[in-house]
Amino acid sequence: MSAPPPPPGASQGIVSRASPYSVAETLERLEALLRDKGLTLFARIDHSGEAARVGLTMPETQLLIFGSPRAGTPLMVASPLLALDLPLKALVWQDAAGQVWVSYNSSAYLASRHAIPDDLVGNIAGAEALIDAALRG
């Protein structure tokens, strides 16, 4: 089975992984892993639900905002503008063809963008493994 093409609008620093699950199930799996790892789920923003509330339609799209103050605080002390990108985010969305995706900023991109010291990059690198785990069967 070949990998699906990258989603429309893919850009530098954004990783998009195809999910074999529905948007709802992908979100449930991600949230369960966040809880299991002791991370804080700061918010879940239902973009498509809010669109529906005002009479607009869009494919299912929800954003999870999560992290750990213990891990994030030293990063923001070292690079204050990183607070623009923290807490971490995972966008779970469905494209026009019905494929569900999880998109997020890569830790390498954030490290480069904010000149995060090498000894602190590990504080955010675990998010990618967590998302990978949520997408595995």
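Predicted model: local features only at pLDDT ≥ 70, side-chain atom pairs only at ≥ 80, totals over all residues.
**Entry 1: α3 against α5**

I looked up how helix α3 (residues 69–78) sits against α5. Their axes come within 9 Å and cross at roughly 135°. That makes α3 oblique to α5, because an angle has to be over 145 degrees to count as roughly antiparallel, and 65 to 115 would be roughly perpendicular. I noted the crossing as left-handed.

Which residues make the contact? From α3 I wrote down Ala 71, Pro 74, Leu 75 and Ala 78, and from α5 Leu 120, Asn 123 and Ile 124. Sorted by class, the contact of α3 with α5 has six nonpolar residues, one polar and no charged ones.

**Entry 2: Leu 130**

I stayed on α5, which covers residues 118–135, and picked out Leu 130. Buried or exposed? Leu 130 has a relative accessible area of 9%, so it is buried, the cut-off being under 20%.

Next I checked what Leu 130 touches, leaving aside its neighbours within four places in sequence. I found contacts with Leu 30, Leu 33, Leu 34, Lys 37 and Leu 39. I also looked at Ala 32: it is 98 residues from Leu 130 in sequence, but 10 Å away in space, C-alpha to C-alpha.

**Entry 3: the strands**

On to the strands. β3 (residues 61–67) pairs with β4 (residues 88–94) in the antiparallel sense, over six bridges. Across that pair, I saw Thr 61 standing opposite Trp 93 of β4.

How many bridges join β4 to β5? I have four in my notes, and these two strands also run antiparallel. Val 92 has Val 102 in β5 as its bridge partner. The hairpin of β4 and β5 has five residues between the strands, and there Gly 98 takes a positive phi near 95°.

**Entry 4: Ser 106**

Where does Ser 106 sit? I placed it in the loop between β5 (100–105) and α4 (107–114).

Notes:
Residues numbered from 1 in each chain as written. Heavy atoms only, no water. Pairing = 2+ DSSP bridges. Buried < 20%, exposed > 50% of the residue type's maximum accessible area, 1.4 Å probe, protein only. Contact = heavy atoms within 4.5 Å. Axes fitted to C-alpha atoms, helices over the stretch in contact; angles between N-to-C directions. Parallel < 35°, antiparallel > 145°, perpendicular 65-115°, else oblique. Left-handed = near helix turned anticlockwise from the far one by under 90°. Nonpolar A, V, L, I, M, F, W, Y, C, P; charged D, E, K, R; others polar.
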